Amino acid sequence: MQHTISVVVENEFGVLARVAGLFSGRGFNIDSLSVAPTSDESLSRITIVTRGDDAVLEQITKQLNKLVDVIKVLDFSEDNAIERELALIKVAAEDESRAEVLRIVDIFRAKIIDVTPKSYTIEATGAPAKINAILDLLRPLGLKELVRTGSVAIGRGAKGWKG
Amino acid sequence: MKMNGARILLESLKREGVDLVFGYPGGTVINLYDELMNVREIRHILPRHEQGGTHAADGYARATGKVGVAIATSGPGATNTITGIANAYMDSIPMVIITGQVPTPLIGNDAFQEVDIIGITRPITKHSFLIRHAKDIPTIVRKAFYIARSGRPGPVLIDFPKDVQISQAEFKWPESVEIRGYKPNLEGHQKQVEKAVDMLFVARRPVMYVGGGVILANAAAELTELARTLQFPVTTTLMGLGAFPENDPLALKMLGMHGAYAANMAMTHSDLILAVGARFDDRVTGKIATFAPHAKIIHIDVDPTSIRKNVRVDLPIVGDTRDVLVKMIDCLKGQTEKVTAQHSAMEAWHEDISGWKAKHPISYKQSTSVIKPQYVIQKLRELSEDDAIMATDVGQHQMWTAQFFEFNQPRTLLTSGGLGTMGFGLPAAMGAQAAYPKRQVICVCGDGGVQMNMQELATLVQHRLPVKIVVLNNNFLGMVRQWQELFFDKRYSQTCLELPMDFAKIAEAYGAKGLKADKPSEVEQVIKDGFAHDGPVIMEFKIAREEKVLPMVPAGASLNEMVLNA
Ligand SMILES: Cc1ncc(C[n+]2csc(CCOP(=O)(O)OP(=O)(O)O)c2C)c(N)n1
Ligand SMILES: [Mg+2]
C-alpha cells in the first residue's frame, strides 16, 4: 500500500543522504521524495511516498526515528492529510491539437507557462491522482517532457506541526 | 583559554574520561599527534594496522563497558577502519573513531588521501560528525560519546580536517548537550511490565532468551536474579554468553545454529518466550515460519526497531533492559504466593528439559591419538582463572569455544557475532588486555583468521600485553570446509590452507613465545606453560582436521531439525 511520510529533520548537510541511504540500504521503496527548509530555518521537511505492508511501514517509521537527525516522523493517510504535487509538462501542440491542449488545461485549472509554435508548457498542481489524470489526457497528444516535484503533504485541521 | 583544534579535541577526550586510545599517525593527523605529546593523561597504543586498532578499541569497549577510541589518518587510514566500524555497529559496541581529513578548502577536490569517510561509513555508524570549526569540537565530542554509549550503543565517527586541527579557538566544555532528534527511550513502561508479569504467571513452559543487550546494559545481575526468582530456564545467544552463569542448573546454554539441543527444543516447545536484549537473528531462529510455534513472546529491548523486525511479538517493552528487569523484580516482590505457585506449575517442564539435556548434551568423542579441539577448550577453562577474558576469532573454533568454555560472568567473552569478522580475535584481546593488564586474556583463533591481523603480535610485544593466543590449527578454513562437507559433497573449493605454517616460529620472530602440541598428552602442559609465561604467547594445537561443529541446524531448517552427529 502507498504511504506518505513526512520527516522533519535537522537542516544540515548530509541529512538527506542519511534518509535516502536508509531506504536504499534496507530495501525500502521510494516512489517520490521532496525536501525543502521549513519556516524554522534550522529544520527541513522531507516528504516521502513509499510502499509496503504494515510491518514494512512500521520498520520504516522506526528506522527513521532512530536517525539522530530526524526530529519527527509523521505518517499520513488520506483522511488526515492533504497531499499536493506540482508538474511541469511540455506537450506537442500544433494545428488542431493546440485547442485540445487548451481545453484540457482549462478543465484541470492548470496554466500555460511557455508557448512556442510547436508546443505548450503547462504548470499543473493538485493531488497526485489529478496529475496522473491530466497526463493521461495529454499523452496521446505527444508528451515531450515531464517534471514532477513529488508529493508534499500537510495534516488537516487547525493544529500545525511547528516549523 | 585559546588553543588549537588538536588540543581542544584531546582536552575534550580527557573530559570524557578517555585514558587510552588506539591510533595510527599520518599526514592529516600529524598535528593531533604532535599535541598528543603534550597530553600525558592519554595513553596511546600503536597497532600495526588500523583494522587492528579499531578492533582493539572494540575489544576494550566490550571488556570494560566504556567507549573505545580509535584514531586513523585520512584516506587509506580511514578506509582501514571500516571492517572494525562495521563489526562494532553489528554488535552495538560503543566506540568513537576519529579520522583525519584533508583541509576543509580541499574537501571534494580528490585531494591526496581524501576519501568521503562519512559517506562510506554512513550505513555502519550510529552517527557521524564533520568538524568545521575548532570552537565546535567540545560539543561534537560530547555528543559523539553520548550517542555512542546511550540507548542501543554503537560506533560514532568524527571526521577532523587538518586545518581545523591547527586553527585556534576557546576551549569551553559544555555542561550538558541536547540533541533534539535523539531521545532514547530508557524507562520501561510500568503498565507493560505489569502485563508481562501477568503473562509470566500463566506460562507453563517458559524460556528466557537472552542476548548481548543484557551485557551492554550491565544487567546480568538483575537478569540472573529474575531467572532464579522465577525458576525459569535461560538460554543465551552467542552475544549473550556470560549474561547468565552457565554453571547454573537453569542454564540451557547457547541456542541457535550451533546451540544446545535442550535450548533449541525448549524454544520450540515453549509457551512463553521472555526475550531480553536479543534480536531474533536468523542464526538463532532458524526457519521463521516454524520458530517457537506455541509461544507468546514478550520482547524487552532498548531499540524499537528490533521489535517485530523478524518475529511477531505479543508484548513489546521498549526500555533499558536493566530498568525493565528491575521493575519486573520489584513487581514480583509483592506476589510471592504466585511465584511459589508458578514454581510447582513448571515441574513437568523442568523434567522435559532435564530429559533433553540428558539425551543430547553438548559433547564430543575424545581421542588418544589426535587432539580434539573441544578438549583444548575444556582444558583452557579448567586451567584458566575464573574471571579470564576470552576473545575468539570467527569459525569452528569460535563455536567450540562458545559450546565448551563455560561462561559465568558478563564481559568475559569478546566475539564477533553480527558481522562474523575473521581477524577480530587477536586485536580485540589486545584491547582487553590493555584495559586490564593484570587479568588473564586468552584468544582462541583458527589458523586462517589469526593470519588476518597477525601483525598485532608486534603491538602485544611492544606494549607488553601478555595475551595468550591459542591457535586451533586444522589447516583448513574449517567452518567453510564443514559446510562444503555437509552441503557441497565434500568439494573443498579453496578451503585447504595448503601451506603448513609454524605459528610458534612466527611468535618467536616477533619476540613473543611460541609453543606447540601435536598429541593430546601434550595439551595440558602447553597450556600450563603458556599461562605461566609472563608475556604474549602463541600456543599452537594441531587438531583433528575434519572435526565438525555439532549439533547443527542447517541454514533455513527449523530449530528442532538438528543434525546431531553426521
Ligand atoms: C573476513 C572474513 N572472511 C571470510 C569469512 C568467511 N569464513 C567464516 S569462517 C571461515 C573459516 C575460518 O577458518 P579458520 O580461521 O582456520 O577457523 P576454523 O573454522 O578452521 O576454526 C571463513 C573463511 C569471514 N567470516 N570473515
Ligand atoms: Mg582452521
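The model is predicted. The protein covers 76% of the 580 Å² of accessible area that ligand 1 has on its own. Chain B also touches chain A, with 19 residues of chain B in contact with 20 residues of chain A.

**Polar contacts of ligand 1**

- Asp447(B) places a polar side-chain atom 2.9 Å from an oxygen atom of ligand 1.
- Gly448(B) takes part through its backbone, where a polar atom is 2.8 Å from an oxygen atom of ligand 1.

**Make-up of the shell around ligand 1**

**Interface between chain B and chain A**

- The two chains bury about 1600 Å² between them, and 48% of this area is on carbon and sulfur atoms.
- Arg122(B), Arg180(B) and Thr305(B) supply 39% of the area that chain B buries against chain A, which is more than any other three residues.
- Three salt bridges are counted between chain B and chain A.
- Arg180(B) forms a salt bridge with Glu10(A) through their side chains, at 2.9 Å from N to O.
- Side chains of opposite charge can pair when their charged atoms come close.
- Nine residue pairs are in polar contact between chain B and chain A, counting pairs with both residues at pLDDT 80 or more.
- On the side of chain B that touches chain A, strand β6 (residues 127–130) of chain B gives the largest share, three residues.
- By class, that side of chain B has eight charged, seven nonpolar and four polar residues.

**Salt bridges in the whole structure**

- A search over all chains finds 39 salt bridges.
- One is within chain B, where the side chains of Asp58(B) and Arg62(B) meet at 2.4 Å from N to O.
- Asp58(B) and Arg62(B) both belong to helix α3 (residues 50–64) of chain B and sit four residues apart, about one turn of the helix.

**Backbone details in chain B**

- The peptide bond from Leu550(B) to Pro551(B) is cis, with omega near 0°.
- Pro551(B) is located in the segment after β20 (537–542) of chain B.
- Asp110(B) has a phi near 55°, a positive value in a residue other than glycine.
- Asp110(B) lies in the loop between β5 (95–101) and α6 (117–121) of chain B.

**Fold and extent of chain A**

- Chain A contains four helices and nine strands.
- Read from the N terminus, the elements of chain A follow the order β-α-β-β-α-β-β-α-β-β-α-β-β.
- The C-alpha trace of chain A spans about 55 × 30 × 30 Å along its principal axes.

Notes: Residues numbered from 1 in each chain as written. Chains lettered and ligands numbered in written order. Predicted model: local features only at pLDDT ≥ 70, side-chain atom pairs only at ≥ 80, totals over all residues. Heavy atoms only, no water. Polar contact = N/O pair within 3.5 Å; in protein donor to acceptor, adjacent residues only side chain to side chain. Areas by Shrake-Rupley, 256 points an atom, 1.4 Å probe, with all protein chains shown as cover. Contact = heavy atoms within 4.5 Å. Buried area = accessible area lost by both parts, 1.4 Å probe. Salt bridge = Lys/Arg side-chain N within 4 Å of Asp/Glu carboxyl O. Helix = DSSP H or I, 4+ residues; strand = E, 2+ residues; numbered from the N terminus. Nonpolar A, V, L, I, M, F, W, Y, C, P; charged D, E, K, R; others polar.
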